[in-house]
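Hi there,

Here is the structure I promised to pass on to you. Please open it next to this email, and then read on for what turned up.

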Amino acid sequence: MNEFITVNESRTIISKEINKKCPIHEIYLSDSLHSYLAKPVYAPIDVPNFTNSAMDGYAFSYQDMVDKNELTVKYVIQAGQTELPTLNRGEAARIFTGAMIPTGADMVVVQEKVKVEKNILSFQEEKYNKGDNIRQQGSQSKIGDLLAAENTLITPSIIGMLAGYGIEKVNVFSSPKIGIIVTGNELVTAGIPLKKGQIYESNSITLQSALKEMDIQVEFMLKVSDDKEKTFQEIQTRIPEVDILLLTGGISVGDYDYVKESLEKAEVNQLFYKIQQKPGKPLYFGKKKQHYVFALPGNPASALTCFYQYVHPFIRGLKGENNIFDFYEEARLLTNFNKKNKLTHFLKGYLKNGEVILLSSQESYKMNSFSTANCIVEISGEERMIHQGEKVTVWRI
Ligand SMILES: Nc1nc2c(c(=O)[nH]1)N[C@H]1C(S)=C(S)[C@@H](COP(=O)(O)OP(=O)(O)OC[C@H]3O[C@@H](n4cnc5c(N)ncnc54)[C@H](O)[C@@H]3O)O[C@H]1N2
Ligand code: MOO
């Protein structure tokens with residue numbers, strides 16, 4: 001057991017590798033969703049860029065209202081109007097939401113709260129204050145203010161905010177190029193009838209879909225039989241084509257598991273192999289120059305668990321995220337769990353309102369529990385009964 005590294009050690013090794021991110025490129029803001037900023041963005045203008053009305057109503061001077069109690073509505077100011085009158089004493093302007101406040105006015109009263117007859121505005125309530133319903137220039141931010149820091153994940157709300165400054169393009173880290181190779185003689189493609197002893201191949205489409213969720217289209221998706229030379233040739237040829245090569249199957253200790261020796265022969269440097277965890281014990285991570293390899297265990301639930309726990313954070317790291325393993329939360333366990341060994345367990349769970357249920361069918365060859373899970377529950381530490389109500393770490397998926 002001791003030759004296996006711990007989950008935390010493997011996380012440290014992966015985190016060290018993301019010091020160097022993917023190359024930076026400039027893209028249109030409209031194409032930037034889910035990318036990470038490679039450079040900070042500063043405000044090119046004040047926002048609001050001019051002082052304007054927050055409501056439909058009337059603009060005038062507070063002092064005039066106090067002094068006169070009745071004002072003449074002399075002007076109409078629409079949103080988008082760029083030429084404005086100047087209000088003299090005793091004058092008010094009809095104004096609309098978003099329209100510029102004219103010189104001579106320092107407040108707006110909503111139309112529901114005043115009376116206007118024959119262009120004479122009179123006041124019904126006493127509680128009007130100077131500055132009411134006015135959105136001051138630069139009150140969101142001033143020119144030169146930091147809007148979004150480097151490494152910020154671009155969300156629809158970030159795009160919306162930056163668009164409000166007229167920003168058209170941003171610098172982001174590119175996504176890594178990824179290829180998938182699945183190994184195994186038993187694997188049959190959907191559409192072909194199975195013979196006894198064969199199974200339908202499912203890891204490639206699972207990983208492809210998980211990558212699609214990260215906006216990554218795979219470069220290739222290949223199936224290799226359990227053949228020593230073919231496995232080596234395919235690995236050797238494909239590594240230079242991608243930033244990350246994902247392999248599944250053939251990484252354990254069986255006589256026909258050729259992935260590890262092929263990676264060695266292809267001069268990939270092992271960063272770790274085998275983790276004290278369940279599922280996913282035989283996970284491999286390596287590097288050849290700047291090309292990375294994850295060899296995931298073949299069992300479908302192990303492959304996907306390892307993807308979520310290690311590959312997903314690593315990709316996010318290369319795309320620009322810094323604290324790649326910080327995305328867990330705590331939840332209360334709704335069932336007892338008998339932890340029978342020291343391995344860190346990653347269990348399919350269903351999380352709701354801070355409470356998590358462990359689903360049945362946790363074995364690594366079964367995918368049915370994964371299909372209803374919305375999180376992975378991490379339970380580490382000594383063998384013991386984990387009781388209902390105890391707090392555990394959960395990772396949303
Ligand atoms: N003597 C030992 N045997 C095994 C150990 C061990 O420590 N000592 N570890 C077990 C664990 S844990 C795992 S996980 C598996 C991992 O083995 P491999 O990565 O070599 O995977 P395979 O043997 O090729 O396949 C395992 C299993 O998964 C099915 N599979 C493989 N690829 C696919 C695919 N693309 N789509 C669907 N299903 C796939 C395959 O048919 C096997 O049933 O090793 C244990 N053995
Ligand atoms: O690592 Mo294996 O996934 O426990 O079956």
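Predicted model: local features only at pLDDT ≥ 70, side-chain atom pairs only at ≥ 80, totals over all residues.

Residues are numbered from 1 along each chain as its sequence is written, chains are lettered from A and ligands numbered from 1 in the order in which they are written, and side-chain values use heavy atoms, with hydrogens and water left out.

Back to ligand 2. Oxygen atoms of the ligand lie 2.4 Å from a polar side-chain atom of Ser-364, 2.5 Å from a backbone N or O atom of Gly-280 and 3.1 Å from a polar side-chain atom of Asn-299.

Next, have a look at strand 24, residues 344–352 (strands are DSSP runs of E, at least two residues, numbered from the N terminus). Since 7 of its 9 residues are buried, strand 24 is largely enclosed by the rest of the structure; buried means under 20% relative accessible area, with a 1.4 Å probe and protein chains only.

Which strands pair with strand 24? Two strands pair if DSSP finds at least two bridges between them, and here are the partners:

- Strand 19 (residues 277–278) runs parallel to strand 24, with 2 bridges; Lys-278 stands opposite His-345.
- Strand 26 (residues 375–379) is antiparallel to strand 24 over 5 bridges, and Lys-348 stands opposite Ile-376.
- Strand 25 (residues 355–358) is also joined in the antiparallel sense, by 4 bridges, with Glu-355 as the bridge partner of Lys-352.

The hairpin of strand 24 and strand 25 has 2 residues between the strands, and Asn-353 takes a positive phi near 50° there.

Finally, an unreviewed UniProt entry annotates residues 179–317 as "domain: MoaB/Mog"; such annotations may be inferred rather than shown by experiment. Over that stretch the chain is 33% helix and 27% strand.

Happy exploring!

Notes. Polar contact = N/O pair within 3.5 Å; in protein donor to acceptor, adjacent residues only side chain to side chain. Buried < 20%, exposed > 50% of the residue type's maximum accessible area, 1.4 Å probe, protein only.
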